[in-house]
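I opened this notebook to keep track of what I looked up, one topic at a time. The entries follow the order in which I went through the chains.

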Amino acid sequence: MDQLMLDGNGVAGLLQEVFAVEMTTAVGTCAACSAVEPLGAVHVFRSAGVVLRCPHCDHVLAKIVKRGGQACVDLGGFRALATTARV
Amino acid sequence: MSFVSRGFHGRRRSDADPSRVPPGQYVTQDFPVLSAGPTPHPSLATWTLSLVGELDEERAWTWEQFRALPSEEITVDIHCVTKWSKLDTVWRGVSVDTLLEGLDTAAEHVIQYSDGGYTTNVPLEDVTGGKAWVVYEYDGEPLDPEHGGPARMLVPHLYFWKSAKWLRGLRLQTTDEPGFWETNGYNNYGDPWKEQRYWGD
Amino acid sequence: MEGAALLGRLIWQLAQVVNVSPETPRVKTVVFDVPAWPGHRSGQHVDVRLTAEDGYQVERSYSIASAPNATHVELTVERLDDGEVSPYLTDELRPGDRIELRGPVGGYFVWEPGLRGPVLLVGGGSGIVPLMAMIRERAAADDDVDMRLVFSSRGWDDVIYRDELEHLAGNGLTVVHTLTRSQPAGWAGYARRVDAEMLAEVGPAAGDRPLIYVCGPTPFVESVATALVGLGHEAYRIKTERFGPTGG
């Protein structure tokens with residue numbers, strides 16, 4: 001357990017800024033262990049960028065780096081990512 | 001620029017010598033902890049530091065062997081790409097030159113790799129000639145796990161993401177291999193004095 | 001600006017301070033007028049951005065304390081001595097000042113009246129803030145769903161919203177305090193960190209499948225969530241909001 005770790009809620013604003021829709025209720029499938037969780041429940045670490053990790057196996061689900069008004073996003077750790085209908 | 005909030009200063013120091021502060025950086029008295037993943041807690045009994053790859057002979061040290069190597073105290077300024085700089089930080093560690101002593105290599109690139117999977121790449125010439133260390137003490141005390149203990153890399157002339165925490169090895173290569181952040185928008189080299197934060201800077 | 005909010009893309013807005021008032025010696029509520037506020041759901045938060053004259057900028061997130069029907073957006077902030085932002089919000093801001101704010105954000109850690117209960121809220125220190133928005137909305141909507149709050153504070157003078165909670169308790173809302181560092185003379189309540197035994201005594205049984213919201217510093221949330229799972233509550237019904245080591 002890491003004191004610094006947040007959950008997906010903690011970066012709700014960043015996620016909505018990047019994806020233009022509310023993302024903490026989006027549901028992701030981990031490419032490493034296949035666990036399925038809403039993004040609000042994944043583990044979040046903040047270093048040079050934001051890292052989303054699977055709460056079950058710590059696999060890196062996503063990395064987000066903001067550069068001014070642009071974002072560089074790696075979603076490769078998700079096998080799938082499903083947004084909910086509600087905006 | 002964004003709206004300026006009346007009376008807001010933050011907790012930065014404003015008395016630092018400006019010639020020591022790279023462009024876009026702010027000096028802090030704190031030592032912010034930033035992490036890409038959970039803090040690992042390896043057992044020192046099984047910990048090893050390895051030198052692998054493009055070498056005539058690979059090397060590895062146990063914790064005892066590593067601590068028996070000649071070490072030095074280093075005082076340097078460090079600069080994080082998230083804009084904080086910390087001046088006069090004091091470390092103790094083993095120079096990378098010591099680790100590579102007597103080794104022959106055709107490598108031009110070094111990949112630092114850590115517990116937890118983090119990697120970062122640096123040119124070999126940027127970690128030799130007295131420019132880099134593997135450190136195990138900060139401010140006279142054993143390096144805290146949250147700051148990268150038991151041992152981390154220290155490459156102070158580059159942004160601090162180029163100094164891998166929880167270091168387990170250096171892989172020497174003839175080819176470059178962008179690491180964890182270099183593959184996701186950060187600069188491949190990372191010179192704070194040229195403000196090389198992002199890819200293309 | 002309203003059009004942009006409807007599309008879901010967040011924008012930074014200027015919020016004007018209407019009032020700053022103390023809740024406890026270290027905690028204040030700041031009331032904001034936010035002109036293009038689209039409304040919010042209980043449990044959501046805002047991102048606050050402060051910029052100094054030389055361009056230095058920091059962002060922090062704060063949970064919204066006010067219920068959705070309130071006329072202003074209220075944030076309740078704990079002053080952290082070594083915080084970058086909280087001392088500015090609690091000590092410096094005056095009515096008329098403006099700061100940049102964007103939101104509301106978050107769709108995961110939300111509650112609204114009409115959801116099937118029972119509901120268990122577990123808050124540590126300033127983790128009470130988003131839970132209070134839920135409690136206030138429940139009262140405003142006259143919802144009588146079984147809602148139980150387990151609230152951990154350092155001492156009786158540190159209990160945020162103490163009087164209001166006492167006033168709102170009843171009609172299906174149960175408020176249980178635990179004071180971890182000091183207790184007033186004659187205190188007969190809990191005097192320790194929230195643990196499985198306390199949650200079992202106060203909270204709904206796992207078999208009732210309550211909706212659970214846990215909020216506070218990361219170590220608090222971890223420990224409570226682990227205890228709840230140990231009591232048999234299903235992990236997916238436990239929603240957590242971690243504030244980091246201290247909160248901001």
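**Entry 1: the two domains of chain C.** I began with the distance between the domains, and I found that the C-alpha centres of domain 1 of chain C and domain 2 of chain C lie 24 Å apart. Domain 1 covers residues 2–105 and domain 2 covers residues 119–242, with bounds that come from an automatic or database domain assignment. I note here that this is a predicted model, in which local features need pLDDT of at least 70 and side-chain atom pairs count only at pLDDT 80 or more, while totals for chains, interfaces and linings use all residues. For the labels, residues are numbered from 1 along each chain as its sequence is written, and chains are lettered from A and ligands numbered from 1 in the order in which they are written.

I then looked up how the domains touch: 16 residues of domain 1 of chain C are in contact with 16 residues of domain 2 of chain C, where contact is taken as C-beta atoms, placed from the backbone, lying within 7 Å. On the domain 1 side, the elements that give two or more residues are strand S1 (13–24) and strand S5 (73–78) of chain C. Here helices (H or I, at least four residues) and strands (E, at least two) are DSSP runs, numbered from the N terminus. By class, this side of domain 1 of chain C has six nonpolar, eight polar and two charged residues. The classes count Ala, Val, Leu, Ile, Met, Phe, Trp, Tyr, Cys and Pro as nonpolar, Asp, Glu, Lys and Arg as charged, and the others, Gly among them, as polar.

**Entry 2: chain C as a whole.** I counted up the elements next, and chain C has six helices and eleven strands. The radius of gyration of chain C is 18 Å, close to the 18 Å that the globule rule gives for 248 residues, so chain C is as compact as a globular protein of that length. That radius is taken over C-alpha atoms, and the rule is 2.2 Å times the number of residues to the power 0.38. Of the 248 residues in chain C, 45% are buried; a residue is buried if 20 or more other C-beta atoms lie within 10 Å of its own, exposed if 12 or fewer, and partly exposed in between, with C-beta atoms placed from the backbone.

**Entry 3: strand S3 of chain C.** S3(C) pairs with strand S6 (residues 98–105) of chain C in the antiparallel sense over four bridges, and Arg49(C) stands opposite Glu100(C) in S6(C). Two strands pair if DSSP finds at least two bridges between them. S3(C) also pairs with strand S4 (residues 57–63) of chain C, in the antiparallel sense over seven bridges, and there Asp47(C) has Ser61(C) in S4(C) as its bridge partner. S3(C) and S4(C) form a hairpin with five residues between them, and Gly55(C) in the turn has a positive phi of about 95°.

Entry 4: As background, most residues other than glycine have a negative phi, and most peptide bonds are trans. In chain B, a cis peptide bond joins Gly149(B) and Pro150(B), with omega about 15°.

Is Tyr161(C) buried or exposed? Tyr161(C), whose phi is positive and near 60°, is buried, with 23 other C-beta atoms within 10 Å.

**Entry 5: where chain A meets the others.** The contact between chains A and C takes 22 residues from chain A and 21 residues from chain C. H1(A) gives the most to the chain A side, with four residues. I also saw that 15 residues of chain B are in contact with 16 residues of chain A, and that this side of chain B has nine nonpolar, six polar and no charged residues.

How values were computed:
Two residues are in contact if their C-beta atoms, placed from the backbone, lie within 7 Å.
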